[in-house]
Amino acid sequence: MAAEQRATEARKAADVAACEAWNLRMKGYGGPAQPSPLLGDALNAGYRYLEVKCAGCNTHSGVDISTLRRPRETPIWQLEQRMRCKPCSEQRGYPFKRGYLVRLRRTKLTTKDDGEPWYPGDQRDRN
């Protein structure tokens with residue numbers, strides 16, 4: 001029983017490290033999105049939201065990955081092709097799919113003053 005608990009803790013630590021490494025790669029270099037953690041690994045690490053930015057209108061959205069109807073073995077990068085911007089789609093009259101992944105988040109994206117840059121190029125002075 002103790003060995004099982006240690007294995008569970010080690011798995012969670014590995015999942016956290018994989019998610020943090022992917023976030024650093026996405027934030028620091030702007031990608032590439034592949035390879036990425038799996039959905040199940042991100043949820044196990046406590047990263048419940050995926051931040052996505054629309055290339056058309058620069059809208060940032062937080063997607064709750066725990067509600068996605070995808071197998072837990074699906075890599076995060078495969079979700080990028082399915083992301084659609086609702087305002088751009090309504091304006092154009094067809095599903096607009098030019099969004100890209102920004103990072104995994106533990107909390108829902110609510111304010112711009114969360115202490116982290118919104119995307120790799122946004123390094124504004126916060127004084």
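## What covers helix 1

Helix 2 (39-45), strand 1 (49-54) and strand 3 (99-105) are among the elements that cover the buried residues of helix 1. Those buried residues are Asp15, Val16, Cys19, Trp22, Asn23 and Met26. Here, buried means under 20% relative accessible area, exposed means over 50%, and partly exposed is what falls in between, with a 1.4 Å probe and protein chains only. Helices (H or I, at least four residues) and strands (E, at least two) are DSSP runs, numbered from the N terminus.

A quick word on what you're looking at: this is a predicted model, where local features need pLDDT of at least 70, side-chain atom pairs count only at pLDDT 80 or more, and totals for chains, interfaces and linings use all residues. Residues are numbered from 1 along each chain as its sequence is written, and side-chain values use heavy atoms, leaving out hydrogens and water.

## Helix 1 from end to end

Helix 1 takes in residues 2-29, and at 1.5 Å a residue its 28 residues should span 40 Å; the C-alpha atoms at its ends are 40 Å apart, so the two agree. The expected span is 1.5 Å times one less than the number of residues.

Arg25 sits in helix 1 and counts as partly exposed, at 23% relative accessibility. Leaving aside residues up to four places away in sequence, Arg25 touches Gly30, Gly31, Pro32, Ala33, Gln34 and Pro35. A contact here means heavy atoms within 4.5 Å. Arg25 and Arg103 are 78 residues apart in sequence, yet C-alpha to C-alpha they are 9.1 Å apart in space.

## The chain as a whole

The chain has 3 helices and 3 strands, and from the N terminus they run α-α-β-β-α-β. Of its 127 residues, 35% count as buried. Among contacts with a separation of 6 or more, 59% come from residues 24 or more positions apart.

The accessible surface comes to about 8100 Å², and 50% of that belongs to carbon and sulfur atoms. These areas come from the Shrake-Rupley method with a 1.4 Å probe; for residues, only the protein chains shown count as cover.

## The largest pocket

The largest pocket has a volume of about 170 Å³. A pocket is an open set of points on a 1 Å grid over the protein atoms alone, where a 1.4 Å probe fits, with protein on both sides within 12 Å along at least five of seven lines; lining residues have an atom within 4 Å of a point. Grid points are joined across faces, edges and corners, and the volume is the space filled by probe spheres set on the points.

Its lining is made up of 15 residues, with Val52, Ser61, Arg84, Cys85 and Lys86 nearest the centre. Strand 1, strand 2 (60-64) and helix 3 (86-92) each supply at least two lining residues, and strand 1 gives the most, with 3.

## Two residues to look up

Ser89 is in helix 3 and is buried, with a relative accessible area of 15%. Not counting residues up to four places away in sequence, Ser89 touches Arg84, Tyr94, Pro95 and Phe96.

Asn58 lies in the loop between strand 1 and strand 2. Its phi is near 60°, a positive value in a residue other than glycine. Asn58 is partly exposed, with a relative accessible area of 47%.
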